[in-house]
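Hi,

Here is the structure I promised to pass on to you. Have a look at it first, and then read on for what I found.

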Amino acid sequence: MLLQNPHQQDAEAAREALEQNESLRKGNFGEFEEALEAVVKYIYSPTKYFAQMLDECLKGTTRDKGALIRILVSRAEVDMEDILLAFNKRYGVDLKNAIRQSIPQGYYI
């Protein structure tokens, strides 16, 4: 939250941090735990992480509805070949075919 008074903004940030800290102490990890797990998976192997995210997108098991397009567009020039290989190795199917099977008929890639 951005406030005009920097001291008020600092106080608000401190309050939110205390709430998060208290929540963590009570064992209510929720989204924080999910985010931390995603970061660790990405650090360990970015290509495997993106392959898993693509699989979740194609199966509809992710809450992030824009992830499929975002991954395909943002990784296309960087490391998409490695992601395609990791996807094929992990799931035993070509990513392009998996995408074709997951979209309604009438749409083509």
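The chain has six helices and zero strands, where helices (H or I, at least four residues) and strands (E, at least two) are DSSP runs numbered from the N terminus. This is a predicted model, in which local features need pLDDT of at least 70, side-chain atom pairs count only at pLDDT 80 or more, and totals for chains, interfaces and linings use all residues. Residues are numbered from 1 along each chain as its sequence is written, and side-chain values use heavy atoms, with hydrogens and water left out.

Of the 109 residues in the chain, 22% are buried (under 20% relative accessible area, with a 1.4 Å probe and protein chains only).

Now look at α2 and α3, which pack at an angle of about 130° with their axes 5 Å apart. Axes here are lines fitted to C-alpha atoms over the stretch in contact, and angles run from 0 to 180 degrees between N-to-C directions. That angle makes α2 oblique to α3, because oblique covers whatever is left after under 35 degrees (roughly parallel), over 145 (roughly antiparallel) and 65 to 115 (roughly perpendicular). On the α2 side, the contact (heavy atoms within 4.5 Å) involves Ala-38, Lys-41, Tyr-42, Ile-43 and Tyr-44. From α3 come Pro-46, Tyr-49, Phe-50 and Gln-52. These contact residues divide into seven nonpolar, one polar and one charged (Ala, Val, Leu, Ile, Met, Phe, Trp, Tyr, Cys and Pro count as nonpolar, Asp, Glu, Lys and Arg as charged, and the others, Gly among them, as polar).

Enjoy exploring!

Conventions:
Buried < 20%, exposed > 50% of the residue type's maximum accessible area, 1.4 Å probe, protein only.
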